[in-house]
Amino acid sequence: MTNMWGIHNDVLGPDLVTGNFISIGWEGIGDLRQIGDDRDALKVLLQQTFPEAKAGAIPVWAGILLRFAFEMRPGDIVISPYKADSTLNFGVIDGPYEFIQSEPLHRHRRRVRWIRTGVPRGIFPQQALYEIGSAITLFRVRHNRSVFEQYLASASDDVTPVHTDPVTAEPTEEAVEGWAADEPSAARISQFTRDFVQKQLLAEMSHQQFEEFTADLLVSMGYQARVTPYTGDGGVDVIAHRDPLGLEPPIIKVQCKHTTATQSRPDVQRLIGTLASNELGLFVTLGTYSKDAVDLERERQNLRLLTGADIVELTMQHYQELPARWRQLMPLRQVFAVDRDAEGR
């Protein structure tokens with residue numbers, strides 16, 4: 001039976017997808033094939049290589065390295081969250097463990113055949129997102145595996161939450177890893193909050209309400225904004241400007257897509273077709289954009305594309321200035337949390 005793994009790698013980010021691989025750090029540790037599948041020997045080497053490490057981290061690190069080199073198998077499924085745009089990448093392990101000495105970072109690698117990339121997190125139930133939000137670098141996805149299998153077997157981005165099994169007791173050393181994975185650190189709480197905001201924007205708003213929310217978000221950022229008539233808007237959903245009367249350039253025309261579907265270059269070009277010479281275009285979606293659409297943004301100085309991750313970030317930055325109706329829909333409050341980075345190197 002194949003396994004399903006989650007892996008975090010914010011160091012190399014999009015290079016994983018373009019290069020068709022996954023990787024982990026610990027550059028001070030050489031080729032694991034020369035060490036062998038020997039946990040005790042690896043723990044000793046880790047302690048010698050990283051003498052500043054806390055004692056509790058050593059067994060966690062050893063487990064990650066051994067898992068990456070010796071437990072992962074070709075054909076296993078891997079889920080790689082990409083924090084920069086709050087998406088998930090799904091792939092299949094496509095080769096054995098490799099140690100690439102010439103690489104400056106993350107020399108421990110495995111080839112991957114990516115099967116779905118740039119998948120918005122908001123389409124999955126929160127319990128599944130919490131599991132893949134593990135604070136450790138590499139972990140086996142156990143309790144919500146069926147959720148992700150259901151998604152991969154479907155032809156759409158619709159996911160129905162399924163029952164998950166309760167967590168069972170782990171052996172002592174694995175229990176240490178389990179604690180590290182579930183620790184409620186600041187980074188994990190922050191991601192949990194972002195997932196919640198995106199879900200509320202997606203599930204609790206109609207298309208028309210999302211247009212109204214976008215206008216209010218722009219107002220909270222210091223713009224004047226109004227929603228155009230919901231029908232017959234010609235592809236322009238919101239008009240925004242800086243001056244109170246909306247007579248002085250630049251005038252910003254906004255198109256809103258209340259969906260997690262990937263927006264294509266033709267989708268964006270339709271907005272560009274509405275722009276006069278002194279007008280700016282803003283395209284807003286809860287999903288992401290195709291490479292061709294992103295290339296179009298680079299070609300046009302009067303165009304800006306906002307992804308779902310961008311909208312969530314702006315919502316959190318300007319939360320207090322939003323109207324009460326939206327704050328009631330997404331009740332948030334500031335808290336203090338442990339500011340501990342994930343243990344991955």
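A cavity, for today, is a set of grid points where a 1.4 Å probe fits but cannot get out. Hi everyone, with that in hand, let's look at this predicted model. By that rule, the count comes to 2 cavities of 30 Å³ or more.

Let's go to the largest cavity, which has a volume of about 50 Å³. Which residues line it? They are R121, Q126, L129, Y130, G133, R188, Q191, F192 and D195. Two helices, α5 (126-132) and α8 (186-203), each supply at least two residues of that lining. The largest share, 4 residues, comes from α8.

Now let me step back to the whole chain. We have 13 helices and 12 strands here. Of the 345 residues, 48% are buried. If you take the contacts with a separation of 6 or more, 64% of them join residues 24 or more positions apart. The chain exposes about 16900 Å², and carbon and sulfur atoms supply 52% of that area.

Last stop, a sheet. Five strands make an open sheet, running β8-β9-β10-β11-β12, with mixed pairing.

Do have a look at β12 and its pairing with β11, residues 279-285: the two run in the parallel sense over 4 bridges. There you'll find F283 opposite L305 in β12.

Technical notes
Residues are numbered from 1 along each chain as its sequence is written. This is a predicted model: local features need pLDDT of at least 70, side-chain atom pairs count only at pLDDT 80 or more; totals for chains, interfaces and linings use all residues. Side-chain values use heavy atoms; hydrogens and water are left out. Two strands pair if DSSP finds at least two bridges between them. Buried means under 20% relative accessible area, exposed over 50%, partly exposed in between (1.4 Å probe, protein chains only). Contact means heavy atoms within 4.5 Å. Accessible areas come from the Shrake-Rupley method with a 1.4 Å probe; for residues, only the protein chains shown count as cover. On a 1 Å grid over the protein atoms alone, a cavity is a set of points where a 1.4 Å probe fits but cannot get out, and a pocket is an open set with protein on both sides within 12 Å along at least five of seven lines; lining residues have an atom within 4 Å of a point. Grid points are joined across faces, edges and corners, and a volume is the space filled by probe spheres set on the points.
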